[in-house]
Amino acid sequence: MRTKGQPGVLELLITFVDNYMPTVAGLSANTIRLYKASFRLLLTYFYNVKEISTDKITFQDLNRETISSIWDWIETERNCSVATRNIRLAALSSFGSYAQNRNTDAALSFVTAIQNTPTKKAAYTPRISFSRVGVSALLHAPDTKSIIGRCDAVLLSLNICLWCACSGNLRSQGARCPV
């Protein structure tokens, strides 16, 4: 149910994406594209699962139960990772703050539902790197008796030097570069 004269979900979403994000907030094109993908998922959920067309979505539809089922749907049906879910949550949270400033009463339940949704912890994946022995073995792998082998050895050495420079593993910083 919409209060007369107050903007609805779709109207606010359009002005949020088209006007607020690029001009007022000054967000990059990549961020806007990411947010649009999040909103597209929200609208797809309502259309496919709830069978509500996008122009009929109200803030009352965006309650705690619906928001919770959206996250379950994103993770199970869409096979999205926890990190993706958290990005979608950030996009909806940003829109919720915007909507609450324009239609306070209607957006309150939506904003409350978003704020009460905790971000999930993603599984930590340790960074894999070569040991000094591994790098040495890699550098000695090309057959330096042929021209192609010597080219491979030079390219490997350059790549390792670039890695050392880019990752901060420089001799001046106390760490020894394996080359």
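This is a predicted model: local features need pLDDT of at least 70, side-chain atom pairs count only at pLDDT 80 or more; totals for chains, interfaces and linings use all residues.
**View 1. Phe16 and Tyr20 make a stacked pair.** Rings of Phe, Tyr and Trp (its six-membered ring) pair up if their centres lie within 6.5 Å, and planes under 30 degrees apart count as stacked, over 60 as edge-to-face and the rest as tilted. That rule gives 11 aromatic pairs. Here the centres sit 5.6 Å apart with the planes at 20°, so this one is stacked. Both residues belong to helix α1 (residues 9-24), 4 residues apart, or about one turn; helices are DSSP runs (H or I, at least four residues) numbered from the N terminus. Phe16 is buried at 0% relative accessible area, while Tyr20 is partly exposed at 27% (buried is under 20%, exposed over 50%, partly exposed in between, with a 1.4 Å probe and protein chains only).

**View 2. Phe16 also pairs with Tyr98.** With centres 5.0 Å apart and planes at 50°, the pair is tilted. It ties together distant parts of the chain, Phe16 in α1 and Tyr98 in α4 (residues 82-102), 82 residues apart. Both of these residues are buried.

**View 3. Ring pairs build a cluster.** Its members are Phe16, Tyr20, Tyr35, Phe39, Phe59, Phe95, Tyr98 and Phe110.

**View 4. Helix α4 has buried residues.** Among them are Arg85, Leu89, Phe95 and Tyr98. Their cover includes α1, α2 (29-48), α3 (64-76) and α5 (104-115).

**Notes.** Residues are numbered from 1 along each chain as its sequence is written, and side-chain values use heavy atoms, leaving out hydrogens and water. Local features need pLDDT of at least 70 and side-chain atom pairs 80 or more, while totals for chains, interfaces and linings use all residues.

Methods:
Helices (H or I, at least four residues) and strands (E, at least two) are DSSP runs, numbered from the N terminus. Contact means heavy atoms within 4.5 Å.
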